[in-house]
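Hi everyone, thanks for having me. Today I'd like to walk you through one protein chain, slowly and in plain words. Please have a look at it first.

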Amino acid sequence: MIVALMGLHINLPSQLPCSNFHREEGCSQASEEGFRYNSQSRSGLFARGTTSKLKAIFYAGFDYSITICPDASLGTDIQFTLSDAVDGTVIYDNNTDNKSPHMEFSCETTRNMFVTVIIPGGAVSKGKAQDGACLGILIEQIVTPKVGF
């Protein structure tokens, strides 16, 4: 009986094709060496016309790099914003930055923020289910370098 139960073990992470999409080679666009992976990074299955929010904590004394890594089938016209989770103030909107999939910033005070990703809608065939594709949000960090005296 024990042998039979051990044979039924299912490794779920291997069955989730998007679970580590943000770790794919070429996703990182950090401007310099030394940025390290932040465990708040996430990936998921997205369909055209969807919006998703990721809540993350950004700590004082660190520089952050955020990169949106979409599957090619989602296109390159993906919008993302960084906003304060408490008052909703938009800190960054890639609509004002040629839809860049990457941004970097320094955090002077610890803040809860939302990274919001908006996938534009596409042509939908009547009577057919929309296909999904993977998208990752890669967050990397480095200690803010000391400058000056």
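A word on the ground rules. This is a predicted model, in which local features need pLDDT of at least 70 and side-chain atom pairs count only at pLDDT 80 or more, while totals for chains, interfaces and linings use all residues. Residues are numbered from 1 along each chain as its sequence is written, and side-chain values use heavy atoms, with hydrogens and water left out.

Let's start with the overall picture. The chain has 1 helix and 9 strands; here helices (H or I, at least four residues) and strands (E, at least two) are DSSP runs, numbered from the N terminus. Along the sequence, the pattern reads α-β-β-β-β-β-β-β-β-β. Of the 149 residues, 34% count as buried. Buried means under 20% relative accessible area, exposed means over 50%, and partly exposed is in between, with a 1.4 Å probe and protein chains only.

Now, please find strand β5, residues 79-84. How many of its residues are buried? The count is 6 of the 6, so the strand is largely enclosed by the rest of the structure. One side carries Gln79, Thr81 and Ser83, the other Phe80, Leu82 and Asp84, and both faces are covered.

What does β5 pair with? Two strands pair if DSSP finds at least two bridges between them. With β8 (residues 111-118), β5 pairs in the antiparallel sense over 6 bridges, and Gln79 stands opposite Ile118 there. With β6 (residues 90-93), β5 also runs antiparallel, joined by 3 bridges. Thr81 has Asp93 as its bridge partner in β6. The hairpin of β5 and β6 has 5 residues between the strands, and in it Gly88 takes a positive phi near 80°.

On to charges. Side chains of opposite charge can pair when their charged atoms come close. We call it a salt bridge when a side-chain nitrogen of Lys or Arg is within 4 Å of a carboxyl oxygen of Asp or Glu. A search of the whole structure finds 2 of them.

One joins Asp77 and Lys99, with the closest N and O atoms 3.3 Å apart. Asp77 is in the loop between β4 (62-70) and β5, and Lys99 in the loop between β6 and β7 (102-107), so the pair ties together parts that are 22 residues apart in sequence. Asp77 is partly exposed at 44% relative accessible area, and Lys99 is partly exposed at 22%.

Another joins Arg111 and Asp84, at 2.9 Å from N to O. This pair links strand β8 with strand β5, across 27 residues.

Last stop: His22 and Arg23. His22 sits in the loop between α1 (2-7) and β1 (36-37), and Arg23 is in the loop between α1 and β1 too. His22 is buried, with a relative accessible area of 4%, but Arg23 is exposed, at 51%. For Arg23 and Ser43, 20 residues apart along the chain, the C-alpha atoms are separated by 8.9 Å.
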